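Reader: I'd like to go through this structure with you, one feature at a time. Where shall we begin?

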Amino acid sequence: MAAQSSQRIFWGAGTLVLFIWFLIPGGNHGFSEFLTAGMVLGLGSLAVSLKFFPGLKRQIPDLDATQVSRPILEKAVATSESLIEQLETLAETTPQSVAFKEQLGKIDLYRQEPHLLVTGAPGVGKSTLVELLQTRYQSLKEACVITEIGSLSHSATLEISPSVMAADLILYVIQGDLTDSEHQCLQTLQAHKQRVLVVFNKQDQYLPTQRLILQQKLQQRLQPWLSESDIVSTSAHPQAVKVRRYSEDGSCQEDLERPQPDLSGLTQCLDQVMAAEKAQLILFQTYQQTVALRTQIQAELNDVRRRHAAPIIERYQWITGATAFANPVPTLDMLAAAAISAKMVMDLGSLYRLKFSLAQAQAVASTLATAMLKLGLVEVSTQALSSLLKGHHFTFVAGGLVQGVSTAHLTRIAGLSLIEHFQELSDLAVAAPESNWDPEKLKQIVAKVFQEHQKVDALKDFAQQSIGRFRRQGGLLEAPAS
């Protein structure tokens with residue numbers, strides 16, 4: 001019963017706000033924004049408790065190879081196509097959007113042949129191993145793409161390398177105990193969820209007991225993410241050995257002979273992996289490529305959205321600033337409320353495909369205002385701007401300069417915080433029926449954005465800009481010289 005009563009109170013207030021909004025002529029919407037924001041602060045706790053927020057859910061989860069299915073892959077592709085469409089809606093067709101379409105079109109969703117990548121430090125025998133494997137697959141008439149790249153010694157390389165992203169299976173070649181660089185690289189491959197086989201090449205250079213010790217060390221260092229069967233030993237190019245040949249007359253002749261390459265452990269392991277995992281590995285890497293491209297598209301879309309958001313924030317900062325300048329408010333909480341426009345929330349949300357009702361936007365505005373008050377940002381901003389404005393000799397025809405500038409500044413902080421939060425949400429989420437809003441996260445973002453824009457030089461520039469705006473509106477006159 002109490003909840004129903006609270007809902008009736010909230011919606012009654014919301015209806016009153018809407019009435020005020022449409023009743024006041026277009027030229028005076030700044031005042032209606034002020035009234036709306038003031039009512040929001042008082043009703044915000046109700047809105048939060050009733051969860052009047054747009055719901056959000058994960059769109060492309062962080063999956064392991066075994067969790068990816070064809071429907072998940074197709075959904076990832078559809079998401080990328082949707083992001084390109086949004087990009088073109090905001091910025092029309094650009095060379096970047098055309099390039100994204102081409103890259104997406106090159107991703108083969110029905111690829112059958114596996115892609116093997118051979119890598120490792122210099123001198124470990126990568127090239128010889130590649131040649132032998134290519135010969136083997138050709139003789140078996142099995143389609144398999146095998147490529148070689150140099151050592152992956154830094155994690156950033158893995159993130160941008162198309163070769164790594166396209167590899168279904170990586171053969172990481174070593175020739176003894178792991179170096180720190182090799183171990184770090186293997187850990188990074190694991191972090192990127194790459195399927196890896198460690199190939200201990202040149203085993204012929206060690207005595208049997210030494211080989212056994214090295215293999216045990218490798219297994220200990222690479223557990224638990226690599227099983228014992230994922231570490232194999234080979235001799236792709238065995239060292240030549242002396243061979244003595246005795247003739248019938250008893251004479252002896254020594255020659256150097258090179259034994260045949262020994263890849264039996266590797267080929268047996270490869271056959272087992274391909275039989276059991278090939279289809280899933282191909283599916284997973286295709287999915288990974290799609291998600292990587294989606295991330296690039298999302299980054300470009302976010303840049304375009306920020307460019308579109310800038311004039312929206314600027315418009316509302318001057319609306320709220322001029323309102324507070326003309327109609328000073330007595331308390332900090334009202335100043336905070338005046339700075340947060342529910343309609344700004346709606347306008348910025350629409351850039352990110354987040355559809356807010358007025359009630360939802362009011363609740364978000366209340367969250368922002370409350371966060372600013374609890375963090376002490378309203379008082380800090382007002383005091384900082386007050387000290388900066390003391391040096392200006394102005395009298396007021398109407399209102400207070402400090403409150404006008406402070407409100408405009410807080411509105412800007414609120415707008416920048418919103419687009420940063422909306423960007424985080426849009427990177428991983430789409431609108432859904434159920435609420436998932438995180439006021440604490442928004443509070444953290446507000447604190448961070450405020451800190452970034454609280455530098456003295458930035459405040460001076462903003463104060464000067466505000467003074468110019470208010471002077472042009474006729475509400476600010478210079479005092480006569482004493």
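Author: Let's begin with a term: a helix here is a DSSP run of H or I with at least four residues, and helices are numbered from the N terminus. Please keep in mind that the model is predicted.

Reader: Thanks! How many helices and how many strands are there in the protein?

Author: The protein has 482 residues, of which 46% count as buried. Its secondary structure elements come to 17 helices and 11 strands.

Reader: What share of the contacts with a separation of 6 or more comes from residues 24 or more positions apart?

Author: Contact means heavy atoms within 4.5 Å. Among contacts with a separation of 6 or more, residues 24 or more positions apart account for 80%.

Reader: How far apart in space are L401 and A326, C-alpha to C-alpha?

Author: L401 lies in helix α15. At 3% relative accessibility, L401 is buried, because buried means under 20%. In sequence, L401 and A326 are 75 residues apart, and the distance between their C-alpha atoms is 8.9 Å.

Reader: On to the rings. Is the pair of F356 and F422 stacked, tilted or edge-to-face?

Author: The structure holds three aromatic pairs. A pair of aromatic rings is described by the distance of the centres and the angle of the planes. For F356 and F422 the centres are 5.6 Å apart and the planes meet at 35°. Stacked needs under 30 degrees and edge-to-face over 60, so this pair is tilted.

Reader: Are F356 and F422 buried or exposed?

Author: F356 has a relative accessible area of 9%, and F422 has 0% relative accessibility.

Reader: Which peptide bond is cis?

Author: Most peptide bonds are trans. One exception involves P224, in the loop between α9 (208–222) and β6 (231–233). Its omega is about 5°, and the cis bond joins Q223 and P224.

Reader: Now the helix packing. Are α10 and α12 roughly parallel or roughly antiparallel?

Author: Their axes lie 10 Å apart, at an angle of about 170°. Angles over 145 degrees count as roughly antiparallel, so α10 and α12 are roughly antiparallel.

Reader: Is the crossing of α4 and α10 left-handed or right-handed?

Author: Helix α4 (residues 95–106) packs against α10 at about 165°, with the axes 11 Å apart. That angle makes α4 roughly antiparallel to α10. The contact is made by Q96, F100, Q103 and L104 of α4 and L293, Q296, I297 and E300 of α10. The crossing is left-handed.

Reader: And which way does α5 pass α10, right-handed or left-handed?

Author: The axes of α5 (residues 126–139) and α10 (residues 264–326) come within 12 Å and cross at roughly 55°, and the two helices are therefore oblique to each other. On the α5 side, the contact residues are L129, L133, R136 and Y137. The crossing is right-handed.

Reader: Last one: how far is the charged end of R136 from the centre of the ring of Y137?

Author: R136 and Y137 are both among the α5 residues that make the contact with α10. The charged end of R136 sits over the ring of Y137, and its distance from the ring centre is 5.7 Å.

Definitions and conventions: Residues numbered from 1 in each chain as written. Predicted model: local features only at pLDDT ≥ 70, side-chain atom pairs only at ≥ 80, totals over all residues. Heavy atoms only, no water. Phe/Tyr/Trp six-rings, centres within 6.5 Å; stacked < 30°, edge-to-face > 60°. Buried < 20%, exposed > 50% of the residue type's maximum accessible area, 1.4 Å probe, protein only. Lys NZ or Arg CZ within 6 Å of the ring centre and 35° of its normal. Axes fitted to C-alpha atoms, helices over the stretch in contact; angles between N-to-C directions. Parallel < 35°, antiparallel > 145°, perpendicular 65-115°, else oblique. Left-handed = near helix turned anticlockwise from the far one by under 90°.
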